[in-house]
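Trainee: Could we go through the terms used for this structure? I would like to see each label set against its definition.

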Amino acid sequence: MTMPVWIKHAAQLATLASENEGPRTKADMSDLGIIENGSVWLEDGVIKAVGTTKELEQRFSARAKVAEMIDASGLLVTPGLVDPHTHVVYGGSREKEFEMRLEGTSYMEIMNAGGGIHATNRMTREATEEELIEQTTRRLNSFLSHGVTTVEGKSGYGMDLETELKQLRVMKKLQQTHPIDLVPTFMGAHAVPPEYKGREDKFVDLLIEEMLPVVAGEKLAEFNDVFCEKGVFTPEQSKRILEAGKHYGLIPKIHADEIEPYGGAELAAEIGAISAEHLLKASEEGVRAMAKSGTIACLLPATALFLREKAANGRFMIDEGVAVAISTDANPGSSPTTSMPLVMNLACILMRMTPAEALTAATYNAACAINRQECVGSLEVGKQADVVLWDVKNYQELQYLFGVNHMKSVWKNGVQVVRADG
(Lines give C-alpha, C1' and ligand atoms only; values in the text may rest on other atoms or scores of the structure.)
Protein backbone atom coordinates (compact mmCIF):
# COMPACT_ATOMS: atom_id res chain seq x y z
CA MET A 1 0.00 0.00 0.00
CA THR A 2 1.16 3.51 -0.77
CA MET A 3 0.44 6.78 0.99
CA PRO A 4 -2.75 8.44 -0.26
CA VAL A 5 -2.21 11.47 -2.52
CA TRP A 6 -4.44 14.53 -2.26
CA ILE A 7 -4.13 16.89 -5.21
CA LYS A 8 -6.02 20.08 -4.38
CA HIS A 9 -6.66 23.65 -5.47
CA ALA A 10 -6.25 22.89 -9.20
CA ALA A 11 -7.05 25.96 -11.29
CA GLN A 12 -8.86 23.52 -13.57
CA LEU A 13 -9.49 19.84 -12.99
CA ALA A 14 -10.44 18.41 -16.40
CA THR A 15 -12.16 15.20 -15.33
CA LEU A 16 -13.44 14.14 -18.79
CA ALA A 17 -16.31 12.56 -16.87
CA SER A 18 -19.64 12.21 -18.67
CA GLU A 19 -22.97 10.51 -18.14
CA ASN A 20 -22.83 9.22 -21.74
CA GLU A 21 -21.15 5.86 -22.29
CA GLY A 22 -18.93 5.02 -25.24
CA PRO A 23 -16.67 7.24 -27.33
CA ARG A 24 -17.59 10.93 -27.43
CA THR A 25 -18.91 12.49 -30.62
CA LYS A 26 -19.90 15.97 -31.81
CA ALA A 27 -20.65 18.36 -28.92
CA ASP A 28 -19.79 15.74 -26.31
CA MET A 29 -16.15 15.98 -27.39
CA SER A 30 -16.12 19.52 -25.97
CA ASP A 31 -17.45 18.54 -22.55
CA LEU A 32 -14.36 18.17 -20.36
CA GLY A 33 -16.15 17.96 -17.02
CA ILE A 34 -14.19 20.98 -15.75
CA ILE A 35 -14.05 21.60 -12.00
CA GLU A 36 -12.63 24.96 -10.93
CA ASN A 37 -10.50 24.82 -7.75
CA GLY A 38 -10.67 21.07 -8.20
CA SER A 39 -9.40 18.28 -6.03
CA VAL A 40 -8.76 14.54 -6.47
CA TRP A 41 -7.89 11.90 -3.86
CA LEU A 42 -5.73 8.93 -4.96
CA GLU A 43 -5.41 5.81 -2.84
CA ASP A 44 -4.41 2.16 -3.38
CA GLY A 45 -3.76 2.86 -7.05
CA VAL A 46 -7.23 4.16 -7.85
CA ILE A 47 -9.20 7.40 -7.72
CA LYS A 48 -11.23 7.54 -4.51
CA ALA A 49 -12.83 10.97 -4.84
CA VAL A 50 -13.16 13.87 -7.30
CA GLY A 51 -14.74 17.25 -6.66
CA THR A 52 -14.11 20.79 -5.58
CA THR A 53 -11.41 21.34 -2.99
CA LYS A 54 -14.08 22.46 -0.54
CA GLU A 55 -16.03 19.23 -1.03
CA LEU A 56 -12.99 17.02 -0.46
CA GLU A 57 -11.86 19.08 2.55
CA GLN A 58 -15.22 18.37 4.17
CA ARG A 59 -14.90 14.67 3.38
CA PHE A 60 -11.21 14.00 4.05
CA SER A 61 -10.15 16.58 6.66
CA ALA A 62 -9.77 13.85 9.27
CA ARG A 63 -7.38 11.90 7.02
CA ALA A 64 -5.35 14.82 5.71
CA LYS A 65 -2.40 13.99 7.96
CA VAL A 66 -1.94 10.55 6.38
CA ALA A 67 -1.94 11.85 2.79
CA GLU A 68 0.73 13.44 0.65
CA MET A 69 -0.61 16.93 -0.09
CA ILE A 70 -0.04 18.32 -3.58
CA ASP A 71 -0.85 22.00 -4.06
CA ALA A 72 -2.00 22.38 -7.68
CA SER A 73 -2.77 26.10 -7.42
CA GLY A 74 -2.53 27.75 -10.81
CA LEU A 75 -2.15 24.39 -12.58
CA LEU A 76 -4.21 22.24 -14.94
CA VAL A 77 -4.88 18.65 -13.87
CA THR A 78 -5.96 16.01 -16.39
CA PRO A 79 -6.13 12.24 -16.75
CA GLY A 80 -2.95 10.58 -17.98
CA LEU A 81 -2.79 10.88 -21.76
CA VAL A 82 -3.48 7.77 -23.83
CA ASP A 83 -1.65 7.04 -27.09
CA PRO A 84 -3.78 4.55 -29.07
CA HIS A 85 -1.48 3.97 -32.09
CA THR A 86 2.27 3.41 -31.93
CA HIS A 87 4.96 1.18 -33.39
CA VAL A 88 7.09 1.63 -30.29
CA VAL A 89 9.02 -1.68 -30.42
CA TYR A 90 11.63 -1.67 -33.19
CA GLY A 91 15.34 -1.82 -33.83
CA GLY A 92 17.55 0.96 -35.21
CA SER A 93 16.50 4.28 -36.74
CA ARG A 94 16.02 5.83 -40.19
CA GLU A 95 17.27 9.40 -40.00
CA LYS A 96 18.96 9.07 -43.40
CA GLU A 97 15.59 8.47 -45.05
CA PHE A 98 14.37 11.74 -43.56
CA GLU A 99 17.07 13.51 -45.51
CA MET A 100 16.24 11.51 -48.67
CA ARG A 101 12.61 12.59 -48.50
CA LEU A 102 13.62 16.22 -48.06
CA GLU A 103 15.67 15.82 -51.23
CA GLY A 104 12.59 14.62 -53.12
CA THR A 105 12.33 10.85 -52.78
CA SER A 106 8.80 9.74 -51.82
CA TYR A 107 7.92 7.49 -48.88
CA MET A 108 6.66 4.71 -51.18
CA GLU A 109 9.73 5.01 -53.45
CA ILE A 110 12.00 4.48 -50.45
CA MET A 111 9.91 1.52 -49.31
CA ASN A 112 9.82 -0.10 -52.77
CA ALA A 113 13.63 0.22 -52.98
CA GLY A 114 14.05 -1.84 -49.81
CA GLY A 115 14.00 1.02 -47.33
CA GLY A 116 11.16 2.20 -45.16
CA ILE A 117 9.40 -0.57 -43.27
CA HIS A 118 11.68 -3.15 -44.89
CA ALA A 119 14.78 -1.45 -43.44
CA THR A 120 13.31 -1.45 -39.95
CA ASN A 121 12.29 -5.09 -40.44
CA ARG A 122 15.92 -6.03 -41.06
CA MET A 123 17.16 -4.10 -38.01
CA THR A 124 14.41 -5.52 -35.80
CA ARG A 125 15.08 -9.07 -36.96
CA GLU A 126 18.77 -8.61 -36.11
CA ALA A 127 18.15 -7.10 -32.67
CA THR A 128 18.05 -9.36 -29.63
CA GLU A 129 15.08 -9.30 -27.29
CA GLU A 130 17.25 -7.60 -24.67
CA GLU A 131 18.28 -4.89 -27.15
CA LEU A 132 14.65 -4.26 -28.08
CA ILE A 133 13.69 -4.01 -24.41
CA GLU A 134 16.45 -1.45 -23.82
CA GLN A 135 15.51 0.69 -26.84
CA THR A 136 11.78 0.50 -26.14
CA THR A 137 12.26 1.38 -22.48
CA ARG A 138 13.89 4.67 -23.50
CA ARG A 139 10.92 5.49 -25.71
CA LEU A 140 8.41 4.61 -23.00
CA ASN A 141 10.31 6.80 -20.53
CA SER A 142 9.98 9.65 -23.01
CA PHE A 143 6.24 9.02 -23.33
CA LEU A 144 5.92 9.25 -19.53
CA SER A 145 7.82 12.54 -19.51
CA HIS A 146 5.18 13.91 -21.91
CA GLY A 147 2.26 12.91 -19.69
CA VAL A 148 1.38 9.63 -21.44
CA THR A 149 0.47 6.77 -19.11
CA THR A 150 -1.08 4.23 -21.54
CA VAL A 151 0.36 3.26 -24.94
CA GLU A 152 -0.82 0.89 -27.64
CA GLY A 153 2.05 -0.89 -29.41
CA LYS A 154 2.02 -2.78 -32.69
CA SER A 155 4.21 -5.55 -33.97
CA GLY A 156 4.85 -5.55 -37.71
CA TYR A 157 8.59 -4.97 -37.98
CA GLY A 158 9.40 -8.56 -38.77
CA MET A 159 6.64 -10.05 -40.87
CA ASP A 160 8.01 -13.46 -40.05
CA LEU A 161 6.69 -15.46 -37.15
CA GLU A 162 9.86 -15.34 -35.07
CA THR A 163 10.25 -11.55 -35.14
CA GLU A 164 6.55 -10.82 -34.72
CA LEU A 165 6.52 -12.99 -31.62
CA LYS A 166 9.72 -11.34 -30.39
CA GLN A 167 8.13 -7.88 -30.59
CA LEU A 168 4.96 -9.01 -28.85
CA ARG A 169 6.93 -10.79 -26.11
CA VAL A 170 8.95 -7.62 -25.52
CA MET A 171 5.67 -5.75 -24.99
CA LYS A 172 4.45 -8.42 -22.60
CA LYS A 173 7.63 -8.18 -20.53
CA LEU A 174 7.57 -4.37 -20.49
CA GLN A 175 3.93 -4.39 -19.43
CA GLN A 176 5.09 -6.25 -16.33
CA THR A 177 8.12 -4.05 -15.57
CA HIS A 178 7.47 -0.52 -16.88
CA PRO A 179 5.04 1.96 -15.28
CA ILE A 180 3.26 2.58 -18.58
CA ASP A 181 0.38 0.29 -19.50
CA LEU A 182 1.31 -1.24 -22.86
CA VAL A 183 -1.56 -2.56 -24.99
CA PRO A 184 -0.46 -5.06 -27.70
CA THR A 185 -1.62 -5.21 -31.33
CA PHE A 186 -0.55 -7.84 -33.85
CA MET A 187 0.31 -6.25 -37.18
CA GLY A 188 1.99 -8.95 -39.22
CA ALA A 189 0.23 -7.32 -42.17
CA HIS A 190 2.34 -4.16 -42.04
CA ALA A 191 3.87 -4.74 -45.46
CA VAL A 192 4.58 -7.61 -47.85
CA PRO A 193 8.11 -8.99 -47.34
CA PRO A 194 10.36 -8.72 -50.42
CA GLU A 195 10.54 -12.50 -50.67
CA TYR A 196 6.77 -12.59 -51.25
CA LYS A 197 6.69 -9.91 -53.94
CA GLY A 198 4.37 -11.18 -56.67
CA ARG A 199 3.04 -13.82 -54.27
CA GLU A 200 1.14 -11.54 -51.92
CA ASP A 201 -1.76 -13.94 -51.42
CA LYS A 202 0.70 -16.58 -50.22
CA PHE A 203 1.85 -14.20 -47.51
CA VAL A 204 -1.77 -13.55 -46.55
CA ASP A 205 -2.19 -17.34 -46.24
CA LEU A 206 0.90 -17.47 -44.00
CA LEU A 207 -0.51 -14.74 -41.76
CA ILE A 208 -3.85 -16.47 -41.42
CA GLU A 209 -2.76 -20.08 -41.18
CA GLU A 210 0.50 -19.85 -39.22
CA MET A 211 0.96 -16.49 -37.48
CA LEU A 212 -2.51 -15.69 -36.15
CA PRO A 213 -3.03 -19.07 -34.41
CA VAL A 214 0.26 -18.75 -32.51
CA VAL A 215 -0.28 -15.11 -31.52
CA ALA A 216 -3.78 -15.87 -30.30
CA GLY A 217 -2.72 -19.12 -28.64
CA GLU A 218 -0.05 -17.36 -26.58
CA LYS A 219 -2.44 -14.48 -25.83
CA LEU A 220 0.16 -11.97 -27.02
CA ALA A 221 -2.22 -9.44 -28.62
CA GLU A 222 -5.68 -7.97 -28.18
CA PHE A 223 -6.01 -6.34 -31.60
CA ASN A 224 -5.22 -7.24 -35.21
CA ASP A 225 -4.19 -4.46 -37.61
CA VAL A 226 -3.50 -4.35 -41.35
CA PHE A 227 -2.05 -1.73 -43.72
CA CYS A 228 -4.79 -1.47 -46.35
CA GLU A 229 -3.11 0.59 -49.05
CA LYS A 230 -2.37 0.37 -52.77
CA GLY A 231 0.89 -1.53 -53.17
CA VAL A 232 0.53 -3.10 -49.71
CA PHE A 233 -2.67 -5.03 -48.95
CA THR A 234 -5.85 -4.75 -51.01
CA PRO A 235 -9.23 -4.28 -49.34
CA GLU A 236 -10.03 -7.91 -50.17
CA GLN A 237 -6.81 -9.18 -48.60
CA SER A 238 -7.26 -6.88 -45.63
CA LYS A 239 -10.76 -8.18 -45.03
CA ARG A 240 -9.53 -11.79 -45.09
CA ILE A 241 -6.84 -11.01 -42.50
CA LEU A 242 -9.12 -9.04 -40.19
CA GLU A 243 -11.97 -11.56 -40.36
CA ALA A 244 -9.51 -14.33 -39.56
CA GLY A 245 -8.31 -12.35 -36.57
CA LYS A 246 -11.87 -11.97 -35.34
CA HIS A 247 -12.16 -15.77 -35.45
CA TYR A 248 -9.31 -15.90 -32.93
CA GLY A 249 -10.81 -13.19 -30.73
CA LEU A 250 -8.60 -10.33 -31.95
CA ILE A 251 -10.38 -7.01 -32.35
CA PRO A 252 -9.87 -5.47 -35.82
CA LYS A 253 -8.07 -2.20 -36.49
CA ILE A 254 -7.05 -0.90 -39.91
CA HIS A 255 -4.48 1.50 -41.38
CA ALA A 256 -6.79 3.12 -43.91
CA ASP A 257 -6.60 5.60 -46.79
CA GLU A 258 -3.26 7.11 -45.80
CA ILE A 259 -1.59 7.51 -49.19
CA GLU A 260 -4.62 7.58 -51.51
CA PRO A 261 -8.36 6.79 -51.36
CA TYR A 262 -8.61 3.01 -51.26
CA GLY A 263 -11.87 2.13 -49.53
CA GLY A 264 -10.23 1.56 -46.14
CA ALA A 265 -12.71 3.64 -44.19
CA GLU A 266 -15.59 1.81 -45.82
CA LEU A 267 -13.98 -1.54 -44.99
CA ALA A 268 -13.46 -0.48 -41.37
CA ALA A 269 -17.16 0.25 -41.06
CA GLU A 270 -18.15 -2.95 -42.84
CA ILE A 271 -16.16 -5.27 -40.57
CA GLY A 272 -16.91 -3.34 -37.38
CA ALA A 273 -13.33 -2.27 -36.68
CA ILE A 274 -12.87 -0.56 -33.32
CA SER A 275 -10.80 2.10 -35.09
CA ALA A 276 -9.47 3.16 -38.47
CA GLU A 277 -6.08 4.89 -38.48
CA HIS A 278 -4.55 7.70 -40.59
CA LEU A 279 -7.51 8.49 -42.94
CA LEU A 280 -5.74 11.37 -44.71
CA LYS A 281 -7.46 10.47 -47.99
CA ALA A 282 -10.67 8.91 -46.65
CA SER A 283 -13.77 9.54 -48.77
CA GLU A 284 -16.77 11.41 -47.43
CA GLU A 285 -18.81 8.23 -47.91
CA GLY A 286 -16.29 6.28 -45.87
CA VAL A 287 -16.36 8.84 -43.06
CA ARG A 288 -20.16 8.72 -42.91
CA ALA A 289 -20.08 4.93 -42.87
CA MET A 290 -17.71 5.06 -39.89
CA ALA A 291 -20.08 7.43 -38.09
CA LYS A 292 -22.89 4.90 -38.54
CA SER A 293 -20.79 1.92 -37.47
CA GLY A 294 -19.27 3.65 -34.44
CA THR A 295 -15.73 3.09 -35.70
CA ILE A 296 -13.32 5.55 -34.07
CA ALA A 297 -11.10 7.66 -36.32
CA CYS A 298 -7.57 7.56 -34.95
CA LEU A 299 -5.85 10.56 -36.53
CA LEU A 300 -2.10 11.11 -36.68
CA PRO A 301 -1.29 14.75 -37.46
CA ALA A 302 2.41 14.45 -36.57
CA THR A 303 2.77 11.84 -39.33
CA ALA A 304 1.20 14.19 -41.85
CA LEU A 305 3.51 16.98 -40.72
CA PHE A 306 6.63 14.79 -40.89
CA LEU A 307 5.71 13.53 -44.37
CA ARG A 308 4.68 17.05 -45.44
CA GLU A 309 1.19 15.86 -46.32
CA LYS A 310 -2.15 17.51 -45.71
CA ALA A 311 -3.54 16.24 -42.41
CA ALA A 312 -6.76 14.27 -42.13
CA ASN A 313 -9.95 16.32 -42.08
CA GLY A 314 -10.66 16.00 -38.38
CA ARG A 315 -13.11 18.89 -38.40
CA PHE A 316 -15.29 17.20 -41.04
CA MET A 317 -15.17 13.87 -39.22
CA ILE A 318 -16.29 15.37 -35.91
CA ASP A 319 -19.04 17.36 -37.60
CA GLU A 320 -20.26 14.17 -39.30
CA GLY A 321 -20.52 12.36 -35.96
CA VAL A 322 -17.34 10.29 -35.96
CA ALA A 323 -15.61 9.82 -32.62
CA VAL A 324 -12.04 11.06 -33.08
CA ALA A 325 -8.93 9.98 -31.20
CA ILE A 326 -5.40 11.22 -31.84
CA SER A 327 -1.99 9.60 -31.56
CA THR A 328 1.72 10.12 -32.14
CA ASP A 329 2.04 7.10 -34.48
CA ALA A 330 5.51 6.84 -32.87
CA ASN A 331 7.65 4.96 -35.39
CA PRO A 332 11.12 5.30 -36.96
CA GLY A 333 10.07 6.26 -40.47
CA SER A 334 7.12 8.64 -40.58
CA SER A 335 6.66 9.97 -37.04
CA PRO A 336 9.66 9.59 -34.72
CA THR A 337 8.06 11.45 -31.81
CA THR A 338 6.71 10.55 -28.38
CA SER A 339 5.09 13.94 -27.74
CA MET A 340 1.34 13.69 -27.33
CA PRO A 341 1.25 17.38 -26.25
CA LEU A 342 2.62 18.26 -29.70
CA VAL A 343 0.02 16.00 -31.30
CA MET A 344 -2.74 17.85 -29.44
CA ASN A 345 -1.29 21.15 -30.68
CA LEU A 346 -1.23 19.85 -34.27
CA ALA A 347 -4.79 18.54 -33.99
CA CYS A 348 -5.86 22.14 -33.39
CA ILE A 349 -3.53 23.79 -35.91
CA LEU A 350 -3.70 21.31 -38.79
CA MET A 351 -7.11 19.66 -38.35
CA ARG A 352 -9.16 22.56 -36.93
CA MET A 353 -10.09 20.69 -33.78
CA THR A 354 -10.83 22.83 -30.75
CA PRO A 355 -8.61 22.64 -27.64
CA ALA A 356 -11.35 20.76 -25.79
CA GLU A 357 -11.82 18.27 -28.64
CA ALA A 358 -8.06 17.67 -28.80
CA LEU A 359 -7.89 16.85 -25.09
CA THR A 360 -10.85 14.47 -25.36
CA ALA A 361 -9.21 12.83 -28.37
CA ALA A 362 -5.99 12.29 -26.38
CA THR A 363 -7.67 10.89 -23.28
CA TYR A 364 -11.16 9.39 -23.21
CA ASN A 365 -11.63 8.71 -26.93
CA ALA A 366 -8.08 7.41 -27.17
CA ALA A 367 -8.89 4.99 -24.36
CA CYS A 368 -12.01 3.88 -26.24
CA ALA A 369 -9.89 3.18 -29.34
CA ILE A 370 -7.99 0.52 -27.37
CA ASN A 371 -10.90 -0.69 -25.24
CA ARG A 372 -9.53 0.82 -22.01
CA GLN A 373 -12.24 3.39 -21.22
CA GLU A 374 -13.39 1.45 -18.15
CA CYS A 375 -10.07 2.02 -16.38
CA VAL A 376 -8.31 5.06 -17.92
CA GLY A 377 -9.04 8.21 -19.93
CA SER A 378 -10.97 10.19 -17.32
CA LEU A 379 -10.74 11.15 -13.65
CA GLU A 380 -13.60 9.18 -12.15
CA VAL A 381 -14.00 7.23 -8.92
CA GLY A 382 -12.78 3.66 -9.30
CA LYS A 383 -10.53 4.27 -12.30
CA GLN A 384 -6.76 3.94 -12.26
CA ALA A 385 -5.04 6.83 -10.52
CA ASP A 386 -3.30 8.08 -13.67
CA VAL A 387 -3.02 11.85 -13.31
CA VAL A 388 -0.96 14.64 -14.89
CA LEU A 389 -0.25 18.13 -13.57
CA TRP A 390 0.47 20.69 -16.29
CA ASP A 391 2.21 23.99 -15.76
CA VAL A 392 -0.60 25.96 -17.41
CA LYS A 393 -3.71 27.46 -15.88
CA ASN A 394 -6.32 25.97 -18.23
CA TYR A 395 -6.85 23.51 -21.07
CA GLN A 396 -6.87 26.27 -23.70
CA GLU A 397 -3.37 27.36 -22.69
CA LEU A 398 -2.18 23.75 -23.00
CA GLN A 399 -2.94 23.91 -26.73
CA TYR A 400 -2.21 27.60 -27.26
CA LEU A 401 1.41 27.49 -26.07
CA PHE A 402 2.33 24.94 -28.72
CA GLY A 403 5.51 22.93 -29.17
CA VAL A 404 6.28 23.02 -25.43
CA ASN A 405 6.07 20.18 -22.93
CA HIS A 406 4.15 21.66 -20.01
CA MET A 407 4.20 18.44 -17.96
CA LYS A 408 4.97 19.10 -14.29
CA SER A 409 4.19 15.79 -12.58
CA VAL A 410 2.81 12.38 -13.52
CA TRP A 411 1.17 9.78 -11.27
CA LYS A 412 0.68 6.23 -12.51
CA ASN A 413 -1.56 4.01 -10.41
CA GLY A 414 -1.27 6.57 -7.63
CA VAL A 415 2.55 6.63 -7.62
CA GLN A 416 4.46 9.70 -8.77
CA VAL A 417 6.67 8.47 -11.62
CA VAL A 418 7.84 11.75 -13.21
CA ARG A 419 8.55 15.26 -11.97
CA ALA A 420 9.63 17.99 -14.38
CA ASP A 421 12.11 19.32 -11.81
CA GLY A 422 13.63 15.87 -11.34
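Mentor: What follows is a set of questions on labels and the values behind them. This is a predicted model, in which local features need pLDDT of at least 70, side-chain atom pairs count only at pLDDT 80 or more, and totals for chains, interfaces and linings use all residues. Residues are numbered from 1 along each chain as its sequence is written, and side-chain values use heavy atoms, with hydrogens and water left out.

Trainee: How many helices and strands does the protein chain have?

Mentor: The protein chain has 16 helices and 16 strands. Helices are DSSP runs of H or I with at least four residues, strands are runs of E with at least two, and both are numbered from the N terminus.

Trainee: Why is the protein chain called as compact as a globular protein of that length?

Mentor: Its radius of gyration is 21 Å, close to the 22 Å that the globule rule gives for 422 residues, so the label holds. The radius is taken over C-alpha atoms, and the rule is 2.2 Å times the number of residues to the power 0.38. Along the principal axes, the C-alpha trace spans about 70 × 45 × 45 Å.

Trainee: What makes Y90 count as buried?

Mentor: Buried means under 20% relative accessible area, exposed over 50%, and partly exposed in between (1.4 Å probe, protein chains only). Y90 has 9% relative accessibility, so it counts as buried. Y90 lies in the loop between β6 (81-83) and α2 (95-102). Across the protein chain, buried residues make up 60% of the 422.

Trainee: Which residues is Y90 in contact with, leaving aside its neighbours within four places in sequence?

Mentor: Contact means heavy atoms within 4.5 Å. Y90 touches T120, T124, L132, Q135, T136, R139, Y157, N331 and P332. Take T120: it is 30 residues from Y90 in sequence, with 7.0 Å between the C-alpha atoms. For the protein chain, 72% of contacts with a separation of 6 or more join residues 24 or more positions apart.

Trainee: Why are H247 and E130 called exposed?

Mentor: H247 has a relative accessible area of 65%, so it passes the exposed cut-off. H247 sits in helix α8 (residues 235-247). E130, in helix α5, has 55%, so it is exposed too.

Trainee: How do you know that the span of helix α6 agrees with its number of residues?

Mentor: The expected span is 1.5 Å times one less than the number of residues. The 17 residues of α6 (residues 161-177) should therefore span 24 Å, and the end C-alpha atoms are 24 Å apart, which agrees.

Trainee: What covers the buried residues of α6?

Mentor: The cover includes α4 (117-126), α5 (129-145), β7 (148-154), β8 (181-189) and α7 (200-217). The buried residues of α6 are T163, E164, L165, K166, Q167, L168, V170, M171 and L174.

Trainee: Why is helix α9 called largely enclosed?

Mentor: Six of the eight residues of α9 (residues 264-271) are buried, so the rest of the structure largely encloses this helix. The six are G264, A265, L267, A268, A269 and I271. They pack against β9 (223-228), α8, β10 (251-256), β11 (275-278) and α10 (284-293). Just after α9, G272 takes a positive phi of about 70°.
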